[in-house]
Amino acid sequence: MMRKKFHFIFILLFSCFQLVAQQKLTSEATVSVVTCGPGTELYSAFGHSAFRVYDPLLKLDKIYNYGTFDFNKPNFYLNFAKGKLIYQLSTTRYGYFLQQFNYENRWVKTQELALNEADVQAVYDFLENNAKPENMSYQYDFFYDNCSTKIEEVIKAVLKDKVTFYNNHITNQKSHRDLIADYTAEKFKWGKFGIDLALGSVIDDPATPVEFKFLPDYIYLGFINATINVDGKNKPLVKVENTVLNEVKQPVPFSITQPFIVFLMIALFFIYKTYQNYTDKRRTKWVDFSLYFITGAIGVVVLLLWFATSHTATYRNFNFLWAFAPHLVVSFFTFKETLPKWLANYNKLLLVLLSIQAVLWLLKIQVFNLAIIPIIVMLFVRYSFLISKQKKI
């Protein structure tokens, strides 16, 4: 008898929990897309997107954020390097969300969607189910599956053919690299250099209008131009637009430590050392070791990102033509008083590789960061010096 009573109580409690989890919203409830401006850190340079569900009668005001990750996950940094980063859908109070973005001086805009009561409930139920521990995680991809792309994906999954995203407002032809540069070229010069170094020629292919939407700004525009079918008629999907927070514009200070200037100074120094070696008819060993070892180490990283990870954007990276991985081994031969005879042919090969890189750049097969121009000139000068020196021996 006690066992049956316990079983009944358990079922009753479970049913209550289910009712709470599947909360019925009122007719005043709304769903909005929240778009946030760029921040001051590289990870926030591209802005942010989220959902807001608001029901004033139930005092429910909730943000659904697909852009969170857990540093405490096992092997977080290793998985990040491998391109297997797991992101999660998290929830928070809308007020707390705004406080954070206000503190970071980032603008916030909302787009209330023109959904009927049933559609609002359906989106809410979908998000609540997606936020459960067993459903909240997903395999993150910067270009194809992120906090921004999830917004349109969820609306399509819930409303299906009722909504149409036209994308005909995107008339510019840009590559993924161009789109990244729009957000990093001015404020994040070192970040842009790192991105251009790590990502391959695959991001230089023209992006389709749909592929623009890895950026929150283009999700925002996409919703403005989308429609929803109501009683057989297509109407704007966005009912109300609202600017919640404004950004206080701050000038970007000029920095002498930006990549091009730093590498120009380094290149001029090594070219000067090469000129000294040429006039003194000698060779500074540490100069050769430094150039070969450092560029070789960079080359190893480039190849590992290409072949040893799941990153979709690191393939076909022709930065390996100047950051040549075999240098890592060859560098130790430069300590010898007399260079090996094969090194002359090796350096001739390097000059060919640098020439190939210039052709790839001119043809825009891969667009390289301008900051590597001093590096390439420096390497070209040093390799030519070493070839001429060996000829005289």
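**Figure 1. Salt bridges around Lys 150.** In this predicted model, the side chains of Asp 145 and Lys 150 form a salt bridge, with an N to O distance of 3.4 Å. Asp 145 is buried, its relative accessible area being 18%. Lys 150 is buried as well, with a relative accessible area of 9%. Both values fall under the 20% limit that defines a buried residue. Lys 150 also meets the side chain of Glu 153 in a salt bridge, here with an N to O distance of 3.3 Å. Lys 150 and Glu 153 both belong to helix α5, which covers residues 149–159. Because they are three residues apart in this helix, about one helical turn separates them. Glu 153 is partly exposed, at 40% relative accessibility.

**Figure 2. A salt-bridge network.** Arg 177, Lys 192, Asp 196 and Asp 204 belong to one network, joined by salt bridges that share partners. Side chains of opposite charge can pair when their charged atoms come close. For the model as a whole, the count of salt bridges comes to 18.

**Figure 3. The salt bridge of Glu 104 and Arg 106.** Glu 104 and Arg 106 form a salt bridge in which the closest N and O atoms are 2.9 Å apart. The cut-off for a salt bridge is 4 Å, so a separation within that limit counts. Are the two partners buried or exposed? Arg 106 is buried, with a relative accessible area of 5%. Glu 104 is partly exposed, at 24% relative accessibility. A residue needs a value under 20% to count as buried, and one over 50% to count as exposed.

**Figure 4. The sheet of β7, β8 and β9.** Three strands make up an open sheet in the order β7-β8-β9, and their pairing is antiparallel. Strands β7 and β9 are the edges of this sheet, each pairing on one side only. Strand β7 spans residues 163–164 and is joined to strand β8, residues 227–230, by two bridges. Strand β8 is joined to strand β9, residues 233–236, by four bridges. Which residue stands opposite Thr 227 in strand β7? On that side, Thr 227 of β8 faces Thr 164. In β9, Thr 227 has Pro 236 as its bridge partner. In a regular strand the side chains alternate between the two faces of the sheet.

**Figure 5. The hairpin of β8 and β9.** Strands β8 and β9 form a hairpin with two residues between them. Asp 231 in this hairpin has a positive phi, near 55 degrees. Most residues other than glycine have a negative phi, and most peptide bonds are trans.

**Figure 6. Two loop residues with positive phi.** Where does Lys 59 lie? Lys 59 sits in the loop that links β2 (48–55) and β3 (60–68). The phi of Lys 59 is positive, near 55 degrees, although the residue is not a glycine. Lys 59 is exposed, with a relative accessible area of 77%. Arg 316 is found in another part of the chain, the loop between α10 (285–307) and α11 (327–330). Its phi is near 50 degrees, again a positive value in a residue other than glycine. Arg 316 counts as partly exposed, at 37% relative accessibility.

**Figure 7. The protein chain as a setting for the close-ups.** The protein chain contains 13 helices and ten strands. Its radius of gyration is 28 Å, whereas the globule rule gives 21 Å for 393 residues. The value for the chain is well over that of the rule, so the chain is more spread out than a compact globule. Along the principal axes, the C-alpha atoms fill a box of roughly 95 × 60 × 35 Å. Of the 393 residues, 45% are buried. Among contacts between residues at least 6 apart in sequence, 76% join residues at least 24 apart. The accessible surface of the chain is about 21,700 Å², and carbon and sulfur atoms account for 63% of that surface.

Terms used
Residues are numbered from 1 along each chain as its sequence is written. This is a predicted model: local features need pLDDT of at least 70, side-chain atom pairs count only at pLDDT 80 or more; totals for chains, interfaces and linings use all residues. Side-chain values use heavy atoms; hydrogens and water are left out. Two strands pair if DSSP finds at least two bridges between them. Buried means under 20% relative accessible area, exposed over 50%, partly exposed in between (1.4 Å probe, protein chains only). The radius of gyration is taken over C-alpha atoms; the globule rule is 2.2 Å times the number of residues to the power 0.38. Contact means heavy atoms within 4.5 Å. Accessible areas come from the Shrake-Rupley method with a 1.4 Å probe; for residues, only the protein chains shown count as cover.
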